[in-house]
Amino acid sequence: MEKTLVLIKPDAFGKNHAGDILKIYEDAGFKIIAAKVMRMTAELAAKHYVEHIGRPYYPALVEFMTSAPIMALVLSGDDVIKKVRELNGATNPAEAAEGTVRKLYAADKTKNAVHASDSEASAAREIPIFFSACEIFD
Ligand code: CDP
Ligand code: MG
């Protein structure tokens, strides 16, 4: 079964929206096969967001992602990578469709509630940053 990495970011997690967001994924038919509450370090952020290093928003992104706990998840299901990106909505919540996680719970382009892997290659690279094999129940 296809897998994707999801992060419930500090803004949404801190506002107690983890349950609301998990419900959206579960109602769409996806299984939670790994989950943990953790704090991202700058080292972890640099690994996870390696392709964004050097972009103008990168320092603010790392400051935000390391500012408070996050919830890391692995979801599985048919076409889960593409479908969870659709459920999450556009990166900028101002452009996100009605009913999407970012439209419902995100404040701005940086504090945008959730991350989800954007391809099979990204999921394969990102999942082991957050979970060891024995923490994933597939
Ligand atoms: O998360 P997504 O794949 O939708 O967007 P991205 O383009 O891969 O950017 C990764 C993350 O960097 C976003 O989710 C935002 O938190 C942040 N970002 C930002 O703060 N300002 C931007 N102009 C673009 C991205
Ligand atoms: Mg991305």
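**Entry 1, ground rules.** I am working with a predicted model, in which local features need pLDDT of at least 70 and side-chain atom pairs count only at pLDDT 80 or more, while totals for chains, interfaces and linings use all residues. Residues are numbered from 1 along each chain as its sequence is written, chains are lettered from A and ligands numbered from 1 in the order in which they are written, and side-chain values use heavy atoms, with hydrogens and water left out.

I looked up which residues surround ligand 1 (a heavy atom within 4 Å of it) and found K9, Y49, H52, Y57, L61, R85, T91, R102, K109, T110 and N112.

I then checked polar contacts (pairs of N or O atoms within 3.5 Å), where a polar side-chain atom of T110 lies 2.5 Å from an oxygen atom of ligand 1. For the side chain of K9, an N or O atom is 3.0 Å from an oxygen atom of the ligand, and for R102 a polar side-chain atom lies at 3.1 Å from a ligand oxygen.

**Entry 4, cover.** I noted that ligand 1 has 500 Å² of accessible area on its own, of which the protein covers 83%, by the Shrake-Rupley method with a 1.4 Å probe.

I sorted the shell around ligand 1 and got three nonpolar, four polar and four charged residues, where Asp, Glu, Lys and Arg count as charged, Ala, Val, Leu, Ile, Met, Phe, Trp, Tyr, Cys and Pro as nonpolar, and the others, Gly among them, as polar.

Notes:
Polar contact = N/O pair within 3.5 Å; in protein donor to acceptor, adjacent residues only side chain to side chain.
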